[in-house]
Amino acid sequence: MSDPYWRASALCAQVDQGVFFPSPGGPRSAAKDICARCPVRDTCGQFALDHDIRDGTWGGLSVGERRGVSTVAEAVAARDARAARAAVRKARAA
Ligand code: SF4
């Protein structure tokens, strides 16, 4: 796969790429923090979805967050819904 044009603006090009490809079950928060500040985040996430990339954090989305969706907006909505459900469960348990 050739380097897409938007990679020139990617924040991850300036840091250790291993952060974006942790071992299974490894931490993803460092990659997500970087992606949150990246100017090409949505383009990157959509690229991963369009090319069915099944490893690494792309556009701030983990492999699991990209599974079963075809757009970044769908992935973000699903992630937000899961977070909201978790917050409700936590509040009910308190
Ligand atoms: S969104 Fe994240 S993975 Fe994608 S280019 Fe930016 S820093 Fe890299």
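How many helices and strands make up the secondary structure of the protein chain? Colour the chain by secondary structure and you will find 4 helices and 0 strands, where helices (H or I, at least four residues) and strands (E, at least two) are DSSP runs numbered from the N terminus. Along the sequence the pattern reads α-α-α-α.

Two notes before we go on. This is a predicted model, in which local features need pLDDT of at least 70 and side-chain atom pairs count only at pLDDT 80 or more, while totals for chains, interfaces and linings use all residues. Residues are numbered from 1 along each chain as its sequence is written.

**Stop 1: the whole chain**

Colour by pLDDT, the predictor's confidence in each residue, from 0 to 100. The mean for the protein chain is 94, and 98% of its residues reach 70 or more. Confidence is lowest in helix H3 (residues 63-66), at a mean of 94, and highest in H2, at 97. Zoom out, and the C-alpha atoms fill a box of roughly 50 × 25 × 25 Å along the principal axes. Of the 94 residues, 18% are buried; a residue is buried if 20 or more other C-beta atoms lie within 10 Å of its own, exposed if 12 or fewer, and partly exposed in between, with C-beta atoms placed from the backbone.

**Stop 2: helix H4**

Now select residues 72-93. Helix H4 has 22 residues and reaches 32 Å from its first C-alpha to its last, close to the 32 Å expected at 1.5 Å a residue (the expected span is 1.5 Å times one less than the number of residues). The number of buried residues among the 22 of H4 is 2, so this helix lies largely in the open.

**Stop 3: the ligand**

Show the ligand and the 13 residues around it, of which Ala10, Cys12, Cys35, Cys38 and Cys44 come nearest. A residue counts as near if its C-beta atom, placed from the backbone, lies within 6 Å of the molecule. Helix H1 (29-36) and helix H2 (41-50) are the elements that give two or more residues to this shell. By class, the shell has 10 nonpolar, 2 polar and 1 charged residues; Ala, Val, Leu, Ile, Met, Phe, Trp, Tyr, Cys and Pro count as nonpolar, Asp, Glu, Lys and Arg as charged, and the others, Gly among them, as polar.

**Stop 4**

Centre on Cys44, in helix H2. Cys44 counts as buried because 25 C-beta neighbours lie inside 10 Å. Leaving out residues up to four places away in sequence, Cys44 touches Trp6, Ala10, Cys38, Trp58 and Gly59 (contact means C-beta atoms, placed from the backbone, within 7 Å).

Next, select Cys44, Ala48, Leu49, Trp58, Leu61, Val72 and Ala75, the 7 residues of the largest nonpolar core.

**Stop 5: Ser9**

Finish in the segment before H1, where Ser9 is found. Is Ser9 buried or exposed? Ser9 is exposed, with 12 other C-beta atoms within 10 Å. Beyond its neighbours within four places in sequence, Ser9 is in contact with Pro39 and Val40.

Key:
Core = buried A, V, L, I, M, F, W, Y, C linked by C-beta atoms within 7 Å. Contact = placed C-beta atoms within 7 Å.
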